[in-house]
Amino acid sequence: MAQSHMAASNPAFDAVTLEILWRRIISAADEAAKALRRTSFSTLVNESNDFACVLTDARGQSLAQNTESIPSFIGTLPVTVKEFIRQIGLDNMRPGDVLVTNTPWIATGHLNDISVAKPIFRHGRIVAFAASTAHAPDIGGKVRSVEPREVFEEGFHIPIMKLLNEGKPDATLIKLLRAAVRTPDQTEGDLWAQITGLDLLERRVGELMDEYGLDDLDAFAEEILGRCERAMRSAIGKLPSGTYPFEFNTDGLDQPFTYKIAVTVAGERIGIDYAGTSPQVDRAINCTMTYTFAMTAYALKCALLPNLPNNEGIFRCIEVTAPAGTIVNPRFPASVGGRMATGHYLPFAVLGALAPMMPDRVMAASGSPLWSIIETGVRRDGKTYANVLFFNGGMGATAGNDGQNAYAWPSNVSNVPVELIERNSGLFIARKELRRGSGGAGRFRGGLGQEIAFEVISTTPVGIIFMAERCRFPAPGMDGGAPGAPGEVEVDGVPVDYRSNMVLKPGQRILLRTPGGGGMGPSSERDPQALERDRREEYV
Amino acid sequence: MVAPRYGIGIDVGGTFTDIVVYDAGTGRQASHKELTTHEDPARGVLSGIDRLLRENAVAPAQIGRLVHATTLFSNALIERKGALTGLITSCGFRDTLEIGRERKYELYDLGIIKPAPLVPRHLRVGVAERITADGSVRVPLDAEALLQAAARLRAQGVTSLAIAFLHSYANPCHEREAMALLLQHCPGLTLSASIEVAPEIREYERVSTTTINAYIKPLAERYIASLADQLGARGIGAPLFLMLSNGGLTNVDEAKRTPVQLLESGPAAGALVAAHLGARDGGSQLLAFDMGGTTAKLAIVEEGKPTVAYSFEAAREKRFVEGSGLPVRISTLELIEIGAGGGSIARLDDIGLLKVGPTSAGSEPGPAAYARGGREPTVTDADFLLGYLNPAYFVGGSMAIDLAAAQAVMRPLAERAGLSVTDLAWGIHDVVNENMASAARVHIAERGKDPRRYALLSTGGAGPVHAYYVAKKLGLRRLIAPRGAGVASALGLLIAPARVDRVATVARDMRAIDWAELEATFARLEADARSVLAATLPNGSAPDMRRLADIRYVGQACELVVPLPPGPYTPLSHDALLAAFEASYVAAFTRTPPATEVEIINVRVCASLAIAGGAPRVQAAKSAAIRAVKGSRMVYFPEFRAFRPTVVYDRYALEPGQIFDGPAIVEERESTLLVGPGGSLEVAASGNIIVTIG
C-alpha cells in the first residue's frame, strides 16, 4: 500500500473523521434505498433490484451510493446530475425542487429508467444532490423489444425538467405521463417512491452537516474523491504501460457484431477506446455512451480495486471513448430499449484486454447479457397485462474458482419466483433446471446456464418478445479454457429467430437454454477430485 | 409433598451451557456454567442440573418447569454437521435450491461463491406431479417414482428427507400423499414436508427452509428425546418447554417436528431478557445492544416486546453480508448482527480510512492487551488506552492486562494514519460505535420509525463501555444499564410465554376474497395453534390470539405484515382490513400511493399464553458497607479532547436512589459503564442505572 494516499491532504479530515462521515453517507443512501424499494410497484425494482440511490456533491460528482445498487446506475447517475446542472443551472434550482429525465443519452441508456434528483440546500446554497434511478413499471410505446427503429417508438420521453417545483408537482407532466403509459397508477406511484427516498437522503445529509458543523460538502468530497483517485492511479500505475487490444464477435442481427477494444495504460491513467466496433443499427440494441461508460468503469473496478468505494474519484482516471455512430455510442434518434444486449458485453471486453497484464484477476466470459422474456396478453377479466421475466446464464471461471451456476453478471437482476410468475401469467413453467454440460471446460470450469421450458396455457394468444444473446457466439474461455455452451431458443422444438416478436397460441411450448460461462486454463489441468464431483453432480 | 415452585432455565451455547434455577417463592436464583458437551449435549445439561439441585437442596418433585434454548442447531448448520439430507421436489425443479434468486451479494468480487446448497445435486430428485397456481392438480403424483426416488436416496445414505412441491401452499394434497406413502414404506427415514415447515408462496425460500429443517431434524429429535427421557428418569416430572426463535415456548413434540423454528432460540432468549430488564424502568421502546467479543446484536423492542421478523438468513457465506446466506421463512425475534465487538480489529483500508471489524481477534489470541499473542489493535485495546477499562479490574481482576502491548500495536497504525495514539484509540472507539449506530439507523428506517423515540439498553461484556456514545450518535435521551451486563439469557427463558405462529398463503386480490374461505383459513390456523398450546400447557387458560396478514398493493413485491382487527370476518370486514393496511402503510412510508388494488398474500396467526409462575424478579441489589467511590483515574473524553481525572464507582456499592453526574465510570466484574460529561446517572430501585445523555 502506498504511503502517499494515506495521510490526509486536508488536516480537517483524518482517517477517523472521514470514515465516520463516509459511513454516515452510505447509511443514508441505504436508508433511502430501503424506503424506495419497499414502496415501489415495479417488479424490476422490488424483486429484481433494478434501481440505485446516489449522493453527489454540488458539482454532480458521485460521493456514495446504496450498498446494493446496480453498477450501471452508479456510473450513469452522476452524468445525469451534471446535465441537470448544465441545462437548468444551479441558480434556477429552489429548495423542494425535484428534477427528472429519462433521456437515454444523458441518463441510463433507455426510456424505461426514470432518473430524478433533488438539490440539497444549506444556508441558501446547493451543497449536494440526492439522486435516484428506477426502472418504471411501464413507460408506454412499443413493449420493449428490438423492433423499434427510432427512440420515438419506445415510449414517453421526459426531457430534463422539474417534476416538483418547490415541492409542487408539475400536474401537466404527470397528466401526460399517466396518459402515455399502460400502468398510470404504478408508474406515478414509483415516482413518489423515488421522491420518498430523495427526501430521506436530504434529511439525513442535513442532520450530518448539523452534527459536524459543515457548511458544505466540498472539502469532504474533494478529500474522499482525491483518495480514491490516488488509489486508483496507483493501481493503474502498477500495470505495464502500453496498448492492449482485444476483440470478439457476438450474435448481432443479420450479421454478427464486432466488439473492438483497446485499453491503453499510460502511467497512472487508463484509456479505453472502442474504435472499430460495429456501426449503430436500426434495431433497439444500441447502447448510449453513458451506459458504455458505466459498464466499462465497472469492469475496471472489479479487476483493479474491487474493495474501493465506488465514486467519481475512480472515474477520474478513466477515459472511455467510442466513435459516434457505433453500437456503443449511437447518435440520436437511435432506438436503445434493449441496450443491455450490447452493454453487458463490455465488461468482458475490458477483462479480455486486461488479461495479459493480470491473468490472475480477470474472469472468462459469462453467459450474459441478461436474458429476458416479455409476455403480453389479455386476462380473463379482459385486462391487458405485461410480465417481464429475467434469466441468467453461468458466470465465467476465474484463476481460482469455477464460474458460478446461473448467476447474474455483470448486472445484478434476480429471477422472479416461479410461483409468483404463474399466478399472473398465461405461461406454465414446466421446467427450470441447470443445464448439464453447459459450462466451458477448463482448469476451472465455467458456470452452468439453465434450461427453462414454458407452455402457453392461457385461452387467448400470448405475445412473446425474447431478449437472448450468445446463441451464435458462445462465451469464450481464457488461457486455454473452453467456451461455454451457446444459448438456444426453441418454440415447439424448433430453433427460432429470437430477434422477432411472436404470438403464441395455447399449447405452444417455449424452451430457453441460457449460455454457460467460459472456462479458465486447459481442462487437462483440472483437479481430478473436482472432475469427479462434476460427474457425480451431473454438472458435466 | 412440596409445591413445585422452582423453575429451571437451560441455555446450551456453542461453548458453555448455562443453567439457572429460580425459586418463585423467594425470588432467589442460583446459576451454574458447564462446558457444552458436544458429543452428547444432554450430558452437560444433566450434570449441571444435578449439581444445582444438590447445592441448593432442591428435590426433583419441587421443579415446576424447565425451559430450554440452544444454538446447537444453528451451529450444526453453520458448520455443516447435519444429517445427510435428500430432497424430493417437483419434476423439473430439482435445481431450485441451487439456483436460488440468481442475485450476487457482492457486486465487484469476480471470484464470488454462492452459498452451497445443503443438499447436493445428486441427492435432489424431481418426481412427476404438478399443482398449478390456483391449486388444481395438473399432473397427479407418481407414487411409484416417489418411492423409487426415496429408495435410491436411502441407498446413498440419506437419513433425512425434505419434500417440497411447487404451489403446495395452495394445495397440499401431493405433499400429504407423499408423506403418507413414505411413512408407510420408508420407516426410519426422517421426513419434512414444506407445508408443515413453511407453507408460504415463493418456492426457493420455502424449499430452503424445508431442507434446513430436514438437515437438523435427526440431530434435534435425538437430542430433545434423550434430554426429556433422562429428565424423567431423574424423577423430574415437570414439563420441558423449548424456546422458539420467536421468543415463545413450545412442547417437545412440536420442537421435534419442526426444529428449524428453534434455530435462533439462544439469541431470542437474550432479547427477551433485554426487554424485561428495560421494562422495569419504563423503557417500553428500546434499542437493545448486546456487544460481546466478536459481534454486537441489536434487538428493537416496541411496546415492551422485541420485534418479530418473518424471515432471516442462516449460515451466511460472508457473515455480515446480506444476501449471502440461506433464507429461512419462520417467525423470529428480529436480531441484527453487526461485526462490532471488543475483539474487532482496526486497520486502514486502501484509501486510508480507519476501518474497525468485522474481523475479530476473538478471545484467542484476543486483544493485544490480553498478552496472549494478539498483534493487531482491537477495540478493547483502545478502551484500555482511553482509560475506559481498568487493567487491574478486568473480569474482576482475574485477568492480567498488558497496557504496553496495547500501546505497541497501536503505534504503527497511528503513525500510518498520521494520528497520535490517543486520537487513534478514540477513533477506533468512535468508528465501532458508528458501525452500530449506522446499522440501527438503517434498520429503524426500514420500519419507518425515528430512532430518537427509543432508549438504549446495553448488555454484553463490551456493551456498557460503548453505549453512551452510541446513544449520543443516535440522538437518544436515555440509556439503561442493567446489573451484571452479561446477564445469562437462561433467565430470559423463564419470562417467555408459550407461543405458536402459523401462516398460510392466500394470494388474492382483496376485492375478490371469499370471506367465508378466509375466515375458515384463519379458523384452521387458530385451531392448530390452540391444539399446540394445549399440548404445551395442558391446564392453560384462553390464549391471546392475534390475526395478521402480509398485504401489499398489486404490483409490489414486498408485503407489509399488518396486525388485523379480531375476527370473525364477513364481507363487511373488507373496509376494516383495508383501513388496517393503509394505517400500517402510512406509519411505515408516510403516504399511500395513487394505486388502489390491494392483495393479501399470507395470513398469520400468533397465539400466546403466559406460563404460570410469573416472570422472575431480579434480585435486589445487596447493599454493601463499602463506599461506592472506588477511586479516580485519567479518562479520555472527546468533549475535552483530553484525559480528565474521573471518578470510578463500584457498582456493587451503589444504592437505589443515588444520583450523580458524569463524567463517570462504574465498574462491575463483567463490564464497565462509561458516562461522558453532561450525562447524569441515577440508580433505580430495580438495580438498573438510568443514564440521561448530556
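# Two chains, strand by strand

User: Start with β13 of chain B. How many of its residues are buried?

Analyst: Strand β13 (residues 286-291) of chain B is mostly covered, with six of its six residues buried. Buried is a count: 20 or more other C-beta atoms lie within 10 Å of the residue's own, while 12 or fewer is exposed and in between is partly exposed, with C-beta atoms placed from the backbone. The strand itself is a DSSP run (E, at least two residues; helices are H or I, at least four), and such runs are numbered from the N terminus.

User: Before going on, what sort of model is this?

Analyst: This is a predicted model, in which local features need pLDDT of at least 70 and side-chain atom pairs count only at pLDDT 80 or more, while totals for chains, interfaces and linings use all residues. Residues are numbered from 1 along each chain as its sequence is written, and chains are lettered from A and ligands numbered from 1 in the order in which they are written.

User: Back to β13(B). Which residues are on each side?

Analyst: One side has B:Leu286, B:Ala288 and B:Asp290, and the other has B:Leu287, B:Phe289 and B:Met291. Both faces are covered.

User: Which strands does β13(B) pair with?

Analyst: β13(B) is joined to strand β14 (residues 296-302) of chain B by six bridges, running antiparallel. With strand β23 (residues 455-459) of chain B, β13(B) pairs in the parallel sense over five bridges. Strands pair if DSSP finds at least two bridges between them.

User: New topic: how many residues of chain B are in contact with chain A?

Analyst: 61 residues of chain B are in contact with 74 residues of chain A. Contact means that the C-beta atoms of two residues, placed from the backbone, lie within 7 Å.

User: Which element of chain B gives the largest share?

Analyst: α12(B) does, with ten residues on the side that touches chain A. By class, that side has 29 nonpolar, 13 polar and 19 charged residues. Here Ala, Val, Leu, Ile, Met, Phe, Trp, Tyr, Cys and Pro count as nonpolar, Asp, Glu, Lys and Arg as charged, and the others, Gly among them, as polar.

User: How does α1 of chain A pack with α12(B)?

Analyst: Helix α1 (residues 15-39) of chain A and α12(B) pack at an angle of about 10 degrees, and their axes are 9 Å apart. That makes α1(A) roughly parallel to α12(B). Axes are lines fitted to C-alpha atoms, for helices over the stretch in contact, and angles run from 0 to 180 degrees between N-to-C directions. Under 35 degrees counts as roughly parallel, over 145 as roughly antiparallel, 65 to 115 as roughly perpendicular and the rest as oblique.

User: Which residues make that contact?

Analyst: Among them are A:Ile20, A:Arg23 and A:Ser27 of α1(A), and B:Val431, B:Glu434 and B:Ser438 of α12(B). The residues of this contact divide into seven nonpolar, four polar and ten charged.

User: Where is B:Ile113?

Analyst: B:Ile113 is in the loop between α3 and β6 (124-127) of chain B. B:Ile113 has 15 C-beta neighbours inside 10 Å, so it counts as partly exposed. Apart from neighbours within four places in sequence, B:Ile113 is in contact with A:Asn401, A:Gln404 and B:Glu317.

User: Now chain A. What is the strand order in its seven-stranded sheet?

Analyst: The order is β2-β1-β5-β4-β3-β6-β7 (chain A), in an open sheet with antiparallel pairing. β2 (62-65) and β7 (168-169) of chain A are the edge strands, each pairing on one side only. α1(A) packs on the sheet and touches β1, β2 and β5 of chain A.

User: Why is α10 of chain A called largely enclosed?

Analyst: Helix α10 (residues 346-354) of chain A is largely enclosed by the rest of the structure because nine of its nine residues are buried. What covers them includes β8 (242-250), β9 (257-266) and α7 (289-304) of chain A.
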